[in-house]
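Please walk me through this model in the viewer, one selection at a time. I would like to know what to pick next and what is found there.

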Amino acid sequence: MRVLSGIQPTGAKHLGNYIGAIRRWAAQQDEYDAFFPIVDLHSITFLPQDPEELRESTLDLAALLIASGLDPDRCTLFVQSHVPEHPRLAWVLECMTPFGELRRMPQFRERAASQQSFSVGLLTYPVLQAADILLYQADLVPVGEDQRQHLELARDLAQRFNQRFGETFTVPEATYPEVGAKIMDLQDPTKRMSTSESSELGILRVLDPPDVVRRKLRSAVTDTGRDVVRSPTKPGVTNLIEIMAAATGATPEEIESRFDGRGYAPFKEAVAEAVVELLDPVRLRFGELRGNTQELQAILAKGAEKAGAIAVPTLAAAYERVGFVTP
Ligand code: TYM
């Protein structure tokens with residue numbers, strides 16, 4: 001069985017990325033043949049990127065993923081733009097995707113609505129994501145809840161291609177974590193924690209030092225009550241219970257009964273300690289790894305070679321089916 005999941009290099013990586021995706025990847029690398037692209041092509045779709053910043057953040061993310069437990073000897077960690085088969089397959093899939101389907105994608109609608117003008121890349125982005133997945137014949141795609149529609153499209157495109165040209169692609173299945181599939185913003189818990197939308201106090205970065213984590217959690221929005229229970233009328237407290245459950249492995253019910261009648265202050269302190277315990281080893285390890293740029297680049301070059309070994313024949317088969325003459 002093969003697993004694949006990607007992450008964008010730009011923007012600070014946060015607790016949602018870590019719980020919804022990264023740490024599950026580390027847990028899956030021994031059980032599955034695992035591919036994890038750093039999707040730099042996706043990163044240029046909607047912000048004018050500073051080239052130096054993009055380069056830096058790609059290497060930062062490689063170090064962060066390794067610090068989080070991805071072992072380049074046990075999985076394939078690579079940069080999307082190093083494997084040119086991704087955009088080459090995306091083109092074919094774009095030509096099989098109705099315009100209206102992409103225009104209706106929730107992430108596109110949100111982002112397009114917040115900008116005066118936007119690129120065609122912002123619209124076609126989910127098709128490139130489908131290409132990332134289909135190129136590797138991935139069976140499983142571990143992601144957070146926000147990727148649900150993109151994964152539906154990837155499945156549809158695999159089925160559409162197979163129906164039209166014959167069995168070519170594995171139809172992938174998305175997997176979501178039991179708790180923490182949607183970590184919410186600490187200041188506005190009705191919104192997902194997100195690099196592009198969250199305020200400084202609303203987002204817990206993987207690399208935030210312990211004092212910053214504690215400060216952000218102390219000022220997390222709750223409500224005027226004092227009951228530590230999950231409820232649709234208490235989105236702030238519900239989010240903190242989910243975070244603590246995901247960080248400690250305790251169930252939300254256990255957390256509710258542990259803090260029954262104790263009020264919010266000791267609860268928030270305990271959440272902060274749980275998050276510090278979860279993230280601090282990653283931060284420290286990141287510091288050790290990031291200094292060695294040459295080694296990171298060598299790891300990524302090796303990853304691209306391993307990725308190409310799967311992506312090249314898959315693309316060749318797809319191009320052949322479509323009717324392109326073999327070069
Ligand atoms: P990206 O880079 O925005 O996010 C990376 C992963 O983090 C998850 N995530 C969250 N999980 C829980 N709570 C949150 N608040 C939260 N915010 C983000 C995302 O669901 C994702 O799993 N389009 C993708 C990247 C991508 C990809 C792929 C993913 C490109 N190709 C192929 C899977 C397979 C994206 O922008 O993720």
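This is a predicted model: local features need pLDDT of at least 70, side-chain atom pairs count only at pLDDT 80 or more; totals for chains, interfaces and linings use all residues.

Residues are numbered from 1 along each chain as its sequence is written, and side-chain values use heavy atoms, with hydrogens and water left out.

**The cores.** Select Leu15, Leu65, Leu217, Phe267 and Val275: of the 62 residues in the largest nonpolar core, these touch the most other members. A nonpolar core is a set of buried Ala, Val, Leu, Ile, Met, Phe, Trp, Tyr and Cys residues joined through side-chain atoms within 4.5 Å. Buried means under 20% relative accessible area, with a 1.4 Å probe and protein chains only. Helix α12 gives this core its largest share, twelve residues.

A second, separate core has 41 residues, among them Phe35, Val92, Leu93 and Ala311.

**Helix α13.** Next, select residues 293-322. Where is the kink in α13 centred? It is centred on Gly308, with an angle of about 35°; the bend at a residue is the angle between axes fitted to the seven residues ending there and the seven starting there. Gly308 is also one of the buried residues of α13, as are Leu296, Ala311 and Tyr319. Gly323 follows the helix and has a positive phi, near 110°.

**Asp208.** Move to the loop between β5 (173-175) and α9 (210-218), where Asp208 lies. Asp208 counts as buried because its relative accessibility is 8%. Its side chain makes a polar contact with the side chain of Lys216 at 2.7 Å. For polar contacts, a pair of N or O atoms lies within 3.5 Å; within protein, one must be able to donate a hydrogen and the other to accept it, and residues adjacent in sequence count only if both atoms are side-chain atoms. A polar atom of the Asp208 side chain also lies 2.9 Å from the backbone nitrogen of Arg205.

**His150.** Finish in helix α8 (residues 148-165), at His150. With 3% relative accessibility, His150 counts as buried. The His150 side chain makes polar contacts with the side chains of Gln129 (3.2 Å) and Gln147 (3.0 Å).

Note on methods: Helices (H or I, at least four residues) and strands (E, at least two) are DSSP runs, numbered from the N terminus. Buried means under 20% relative accessible area, exposed over 50%, partly exposed in between (1.4 Å probe, protein chains only). The expected span of a helix is 1.5 Å times one less than its number of residues.
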